[in-house]
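Please keep the sequence and the 3D view at hand while reading.

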Amino acid sequence: MMAPRKIIIDTDPGVGIPGTDADDPIALYLAVNDPRLDLIGVTTTFGNCPPELSARGAGAVLRALGRDDIPVSIGSPVPLSGELPPQLARAYAGARGRPGRIDLPEAHEVASGRTAEDFIIEAVHAHPGEVTIVAIGPQTNLARALRKDPSLAEDIAAVVFMGGGLGLDREYGRGNVTPVAECNIYFDPDAADIVFRSGIELTMIGLDVTNPNTGLLLTADAIAGIDRDSTDLALFAEICDTYLESPMFQHGLGCVLYDPLAVAVAADPSLGAFERMSLIVDTSDAATRGQTLRTSASEPNVDVMVQVDGAAAVRSIVETITSRNTTGAKR
């Protein structure tokens, strides 16, 4: 049996906060539960909520799973531009800037004391060529790490990221913040541009496959049979309940598993079909800022997922999370 793939998840989990996606904490559940993955650290970014609050949410998930040995490092609270996008500043002034219905540990109880960029640099250089970054929020932490230590690009095994859209799916494939831009890229396109140009092996899980049309939708029925008395699954069920009662996106009766699909692909790239493309990010100040664009002007740099059986992926994700008792288990 092959050794588990070492991963760092860079994420923005809003645990129990109404109006935030449930997919980030679900992605953490999947990463801990999948035996093909070795989660060596979590770094937090802005997005669903500020990174300090994200760290508290990540800490709650890891504690529920008996994996509080996994370090959590808090990342930059703002994009490389130094200023939050207006919609995030407004959201953080409201419900998305404070804990919601689920009790969370304090940040000092779960945070490692290292910045996210420093943790990425140290962990990657400690395991050269072995660590995959699963970036499921704005890519600010990774970009800051690459700017601080350009040699990092040579030691990162790969980056699997959830972000972008190319319009391959005409209904959902362009943007979910603007008509052309997906939120993880839009919230820091300058950071995404650095990552896209880094020369690292990149895999993109974008809006073209993470949408209801592919069947990648977690519904109330899918979690109806969860054992809510289970120590590790009670929090999972409550996170799903919070989302279903107050969803971020109106995709129907369910949560699109954007970020868990990126984790699932890190464990098993055969889940879908990919096409290698040359992609760039629009970093202009125009209305197209944050758009991911296909170009013929440079060599292909990204393996783009173009097809997936979303319903089968959801079943696999839920089964992996619910079938393994991970409480207290440490690799």
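## Basis of the model

The model is a predicted one, in which local features need pLDDT of at least 70 and side-chain atom pairs count only at pLDDT 80 or more, whereas totals for chains, interfaces and linings use all residues. Residues are numbered from 1 along each chain as its sequence is written, and side-chain values use heavy atoms, with hydrogens and water left out.

Strand E5 spans residues 131–135; helices (H or I, at least four residues) and strands (E, at least two) are DSSP runs numbered from the N terminus. In E5, 5 of 5 residues are buried, where buried means under 20% relative accessible area, exposed over 50% and partly exposed in between, with a 1.4 Å probe and protein chains only. Val131, Ile133 and Ala135 cover one side of the strand, Thr132 and Val134 the other, and all of them are buried.

Strands are taken to pair if DSSP finds at least two bridges between them. E5 pairs in the parallel sense with strand E1 (residues 5–11) over 5 bridges, and it is joined to strand E6 (residues 158–162), also parallel, by 4 bridges. Val134 stands opposite Ile9, and its bridge partner in E6 is Val160.

Thr44 belongs to strand E2 (residues 37–44) and is buried, with a relative accessible area of 0%. Setting aside residues up to four places away in sequence, Thr44 has contacts (heavy atoms within 4.5 Å) that include Asp10, Thr11, Ser73 and Asn141.

Arg114, in strand E4 (residues 111–115), counts as partly exposed because its relative accessibility is 33%. Beyond its neighbours within four places in sequence, Arg114 is in contact with Pro71, Ser73, Ile74, Phe119 and Glu122. With the side chain of Glu122, the Arg114 side chain makes a polar contact at 3.1 Å; such a contact is a pair of N or O atoms within 3.5 Å, and within protein one must be able to donate a hydrogen and the other to accept it, while residues adjacent in sequence count only if both atoms are side-chain atoms.

## Nonpolar cores

A nonpolar core is a set of buried Ala, Val, Leu, Ile, Met, Phe, Trp, Tyr and Cys residues joined through side-chain atoms within 4.5 Å. The largest has 65 residues, of which Ile9, Ile26, Tyr29, Leu39, Leu218, Leu235 and Leu261 touch the most other members. Helix H11 (residues 258–267) supplies the largest share of this core, 8 residues. Apart from it lies another core, of 31 residues, among them Val124, Ala135, Ala153 and Val281.

## Pocket and cavity

The largest pocket has a volume of about 300 Å³ and is lined by 23 residues, of which Asn48, Cys183, Phe187, Met248 and Phe249 lie nearest its centre. Helices H1 (23–33), H3 (86–92), H8 (183–186) and H11 each give two or more residues to this lining. On a 1 Å grid over the protein atoms alone, a pocket is an open set of points with protein on both sides within 12 Å along at least five of seven lines, a cavity is a set where a 1.4 Å probe fits but cannot get out, and lining residues have an atom within 4 Å of a point. Grid points are joined across faces, edges and corners, and a volume is the space filled by probe spheres set on the points.

The count comes to 1 cavity of 30 Å³ or more. The largest cavity, of about 30 Å³, is lined by Gly14, Gly16, Ile17, Thr20, Asp21, Ala22, Ile239, Thr242 and Tyr243.
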